[in-house]
Amino acid sequence: MDEESQLPQPQDQSCWAALPDVCLHRVFWWLGDRDRSRAALVCRKWNQMMYSADLWRYRTITFSGRPSRVHASEFESAFWYVKKFGRYLEHLEIKFLNPYNAVLTKKFQVTMRGLLSSLGKSNNRLKYLSIQHLELDRLVWRNSIRSSFIKSLSFFLKKMGKHLDYLNLKGARLTVEQGCHVLNSLSYLRNETVVSELNIEDFFSHHLAVYSSPQFNKTMATFRNLESLTLNYNCISDELLENLCENNASNLWTINIKCHIHDPHGQVIWGMSWAKLARHATNLKVNFFFERIMKYERLARILLQEIPVRSISLRSCYFSDPDWSMRPTLLDLLPTFRHTLQKLTFEFNNNHEALDKELHLLILTCRKLFYFKIWAFLDVKFVRIYTNRYETNEEDRTLREIYRKYRKLIDSELNYFVIAYPMM
């Protein structure tokens, strides 16, 4: 007798066997792989539900960076899933968490080679691919392992490039040559790629002046359908902005730019390049994320008035500089974007200057601002909410007085919430 004929028939089962398909589908949706496999043995109907395409369209595959009994079979189970259900896959996210030696990176590379090869043969509907934080420039990635992985990924993208709509390779940390080789795979045998959302933040290693690479600009010229682009400021150049203007202006909505202190950002970008892009991409909004770049002179070179800035995040990672002042940025630079700025996030250590008036004025000036977050150590009354004392009665009373003083502004303009938190 074959396996299917051995399955119990619905009439031999309880009322669960007659459960409507829509309900049964929801039950299977919440089950893990092991429970789904067991449920599929109940009857023929449940076995058929196991192979419903809707159950297998989304998948997150996580590989632990440290060996354990719990995760011993994760490489095998990932490969099993792709071979059995990979043809249904539309949304795939792969995570490789903090590998600590070359043995694990080698095992990951071998597994990914088989996984991507099997998926490339059986799947023609994958739209979303995310492989983040590989950090391929670390020593745990031997040259041969790194090269083999890049080769497998590039070969896979050549096959799937005509289907992919979203690609996230954040944190890959490649050389310019390696990175361009991977991105060029998307346009294999064609002069353009159909990807509409591309995340290449930290895709290249730190300290690389990607903006000066003709190879990178040539690669980015193949993208003709971009709606959202996330990258580092060390990739920005007049040539890149010109390419985006010529090839993507009708679709481009969002550019997210990270500027890190370890990345070179001394290039000169002409305001007219930004102005031209903003003029042709009429819906464009630009979001900036600065890490440890806080001084006014550096920010002013990057935040040109022609940029349609929607969001700015300034993070110092709690590094303190007594020679640095936030006041010029608050008074002179940020108000430049008062007509477009919607979100502001501050995370910095600055306890040597009082900024309550400047922050208050900035909020009143930026009329479109709807999100304002401060995570900082400031000598200003209305954001000092930490105390070393267990009792917070005095701090609570001070906050209530501040609220009463600015109640008209808070109630009409802000979504206000504050708490005094004891830090023991």
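## Terms and model

A residue counts as buried when its relative accessible area is under 20%, as exposed when over 50%, and as partly exposed in between, using a 1.4 Å probe and protein chains only. With that in hand, Lys170 is partly exposed, at a relative accessible area of 21%.

This is a predicted model, in which local features need pLDDT of at least 70 and side-chain atom pairs count only at pLDDT 80 or more, while totals for chains, interfaces and linings use all residues. Residues are numbered from 1 along each chain as its sequence is written, and side-chain values use heavy atoms, with hydrogens and water left out.

Let's start with the charges. Side chains of opposite charge can pair when their charged atoms come close. Here a salt bridge is a side-chain nitrogen of Lys or Arg within 4 Å of a carboxyl oxygen of Asp or Glu, and a search of the whole structure finds 14 of them.

One of these joins Lys170 to Glu201, with 3.7 Å between the closest N and O atoms. Lys170 sits in the loop between β4 (166-168) and α7 (176-184), and Glu201 in the loop between β5 (197-199) and α8 (214-220), so this contact ties together parts that are 31 residues apart in sequence. Helices (H or I, at least four residues) and strands (E, at least two) are DSSP runs, numbered from the N terminus.

Glu201 also forms a salt bridge with Lys258, where the closest N and O atoms are 3.9 Å apart. This pair links distant parts of the chain, 57 residues apart, with Lys258 placed in strand β7 (residues 254-260). Glu201 is buried, with a relative accessible area of 14%, and Lys258 is buried too, at 10%.

Another salt bridge brings together the side chains of Arg315 and Glu347, at 3.2 Å from N to O. The two residues are 32 apart in the chain, Arg315 in strand β9 (residues 309-315) and Glu347 in strand β10 (residues 343-350). Arg315 is partly exposed at 27% relative accessible area, whereas Glu347 counts as buried at 15%.

## Strand β3 and its neighbours

Strand β3 (residues 128-132) is mostly covered, with four of its five residues buried. Two strands are said to pair if DSSP finds at least two bridges between them. Strand β2 (residues 91-97) pairs with β3 in the parallel sense over five bridges, and Glu93 has Ser130 of β3 as its bridge partner. β3 also pairs with β4, again in the parallel sense, over three bridges; here Tyr128 is partnered by Tyr166 in β4.

β2, helix α5 (residues 102-122) and β3 make a right-handed β-α-β unit, and β3, helix α6 (residues 143-160) and β4 make another right-handed one. Right-handed means that, with the strands pointing away from the viewer, the path from the first strand over the helix to the second runs clockwise.

## Cysteines

How many disulfides does the structure hold? With a disulfide taken as a pair of cysteine sulfur atoms within 2.5 Å, the structure holds zero. Among the cysteines, Cys23 is partly exposed at 36% relative accessibility, while Cys245 is buried at 8%.
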